[in-house]
Amino acid sequence: MGLPLQVFLFGLLTVFIVLLVVVATGNAIIWFVNRYIGAPAQEPGKPGSGQLLSHSGRIAALTAAVSTVTRGRGRVTNIEKL
Amino acid sequence: MSALERLYNITAFGDLWSGPGAILMLAIGIFLLFLGIRKKYEPLLLVPIGFGVILANLPGAGMGIVPEEMVRFEDGRYMNLVEIAGEYGIMNFLYYMLIKTGFLPPIIFLGVGALTDFGPMLRNLRLSLFGAAAQLGIFTVFFAAIAVGFTPQESGALGIIGGGDGPTAIYISIMLAPHMLGPIAIAAYSYMALVPVIIPPITRVMCSNKELSINMKNMDKLFPAKREIKNMTAVKIAFPIVLGIIVAFFVPTAVPLIGMLMFGNLIREIGLATGRLTEAATGPILNTATIFLGLTVGATMTTATFLDLRTLGIIFGGLVAFAISVAGGIIAVKIYNLFAKKKINPLVGATGLSAVPMASRVANEIALKHDSGNHLLQYCMASNISGVIGSAVAAGVLIAFLG
């Protein structure tokens, strides 16, 4: 097999395998955190910890929107329903 | 008469007439400034690069980057930095210190990591795989470039433009084909800026209206995720540490890029405790690196290196690589949809190259045109961010094979 073909095949395969590893690693970390660390405790009565939106999709959309608009500088620390 | 002649010799007009290519290069520099300032195409990069081109081609100024052979002795050793600065000026000093050593691209990756939120990717992990398909352009153009006469190293540097990642393209060029650095950097950043022009026609040709209307949120409702993430903060902190180590075992040559990306992301996710580091990485460090990267890359574009038919080949090849990468991601989604119940909008595949977050924003706008309630941004960001990892890994593979 010539060098160009080797680079083509092994290159694509390596990228695919590494991204499979990314998926597996992500899933493993999520499983581990869910099982052994769990959800962070909410501090009752903390200022600004009003009614939180619990819908994960909505939170994800807000986080993505803030990240995009602020070019990654802004972070969502709390979401309150007004 | 002799006094006038002496006065004339002090000026640079004589050099200008003896090398008219410089005028064309100055025009190219001004054009890049126009694109950056007026058209707002990646101004943070194109403005320094454009000005670097102008500085390098000012007759008699001696600001252009000299070829490597001129700073290397016969026994293979390099001149030291003081000698380079004394002999060839400050721009060559900066170039050989910051670029030739491969220092700046990983530093920029540090800043990129500190600006990147892996959250959307972690919420949609399987979409990350499309970041692999979108690296198709890199390897296809690598193959084609060898066929038309580029060396394997040059072909690797040319193909990487298809990853849609400027720092990675620069890093690979430094490692494999430093003489092509200028045109490759220009092509990479120009095409990243032209994502809003490149992606829509490709999706129009390759996707039906029905496919572009696939609503991912509806799919999520029909086929909900098996588990939710209970503690995203903990996951986000663990992710860059674990992934950085694991990827290093698979592709050690990608560590300078991936390692810095993950470190940057880690200090971001830790939060307040490392807030000052994040601020430094995303502000002063990233901005300083960008200025020096742009100026020195621009200064590599002298008449001798840029006014060449191969430059046209690089610009054209880069565009083809970029287009194939977009198409590769779309094809991968289409193949996936053939077998899966939970369909994916092909636009998610189209954003598998880097160009974060521009590609995702463009894809989101296209989706909204087909269905005003179809917000794809967070899904596209998943493949878009994995594209950054994918192109850095592709770069590592190219260095391992060709370096």
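Helices (H or I, at least four residues) and strands (E, at least two) are DSSP runs, numbered from the N terminus.

## Basis of the model

This is a predicted model, in which local features need pLDDT of at least 70 and side-chain atom pairs count only at pLDDT 80 or more, while totals for chains, interfaces and linings use all residues. Residues are numbered from 1 along each chain as its sequence is written, chains are lettered from A and ligands numbered from 1 in the order in which they are written, and side-chain values use heavy atoms, with hydrogens and water left out.

## The interface between chains A and B

On the chain A side, 43 residues are in contact with 51 residues of chain B; contact means heavy atoms within 4.5 Å. The two chains bury about 4100 Å² between them, and 76% of this lies on carbon and sulfur atoms. Buried area here is the accessible area (1.4 Å probe) that two parts lose on being put together, summed over both.

Between chain A and chain B there are zero salt bridges, a salt bridge being a side-chain nitrogen of Lys or Arg within 4 Å of a carboxyl oxygen of Asp or Glu. Three residue pairs, both members at pLDDT 80 or more, are in polar contact between chain A and chain B. A polar contact is a pair of N or O atoms within 3.5 Å; within protein, one must be able to donate a hydrogen and the other to accept it, and residues adjacent in sequence count only if both atoms are side-chain atoms. Helix H1 (3-37) and helix H2 (56-69) of chain A each supply at least two residues of the side that touches chain B. H1(A) gives the most to that side, with 28 residues. By class, the side of chain A that touches chain B has 26 nonpolar, 14 polar and three charged residues. In this scheme Ala, Val, Leu, Ile, Met, Phe, Trp, Tyr, Cys and Pro count as nonpolar, Asp, Glu, Lys and Arg as charged, and the others, Gly among them, as polar.

A:Thr25 is in helix H1 of chain A. A:Thr25 has a relative accessibility of 6% and counts as buried; buried means under 20% relative accessible area, exposed over 50%, and partly exposed in between (1.4 Å probe, protein chains only). Neighbours within four places in sequence aside, A:Thr25 is in contact with B:Val242, B:Leu243 and B:Ile246.

## Aromatic pairs

Over all chains there are nine aromatic pairs. Rings of Phe, Tyr and Trp (its six-membered ring) pair if their centres lie within 6.5 Å; planes under 30 degrees apart count as stacked, over 60 as edge-to-face and the rest as tilted. A:Phe8 and B:Phe143 form a tilted pair, 5.7 Å centre to centre with 55 degrees between the planes. This pair crosses between chains, from helix H1 of chain A to helix H10 (residues 136-147) of chain B. B:Phe143 is partly exposed at a relative accessible area of 37%.

Within chain B, B:Phe130 and B:Tyr336 form an edge-to-face pair, 5.9 Å centre to centre with 90 degrees between the planes. B:Phe130 lies in helix H9 (residues 130-133) and B:Tyr336 in helix H21 (residues 309-339), so the pair ties together parts that are 206 residues apart in sequence. B:Phe130 is buried at 6% relative accessibility, while B:Tyr336 is partly exposed at 31%. In chain A, ring pairs link A:Trp31, A:Phe32 and A:Tyr36 into a cluster.

## B:Ser391 and its surroundings

B:Ser391 belongs to helix H24 (residues 377-402) of chain B and counts as buried at 0% relative accessibility. The B:Ser391 side chain reaches the backbone oxygen of B:Val388 at 3.2 Å. Apart from neighbours within four places in sequence, B:Ser391 is in contact with B:Gln135, B:Ile160, B:Gly163, B:Asp165, B:Thr168 and B:Ser354.

## Backbone features of chain B

B:Val356 and B:Pro357 are joined by a cis peptide bond, with omega about -10 degrees. B:Pro357 lies in the loop between helix H22 (346-350) and helix H23 (358-370).

Another loop, between helix H3 (21-37) and helix H4 (43-57), holds B:Lys40. B:Lys40 has phi near 60 degrees, a positive value in a residue other than glycine, and is exposed at 60% relative accessibility. B:Glu42 is also found in the loop between H3 and H4 of chain B. For B:Glu42, again a residue other than glycine, phi is positive, near 40 degrees, and the residue is partly exposed at 24% relative accessibility.
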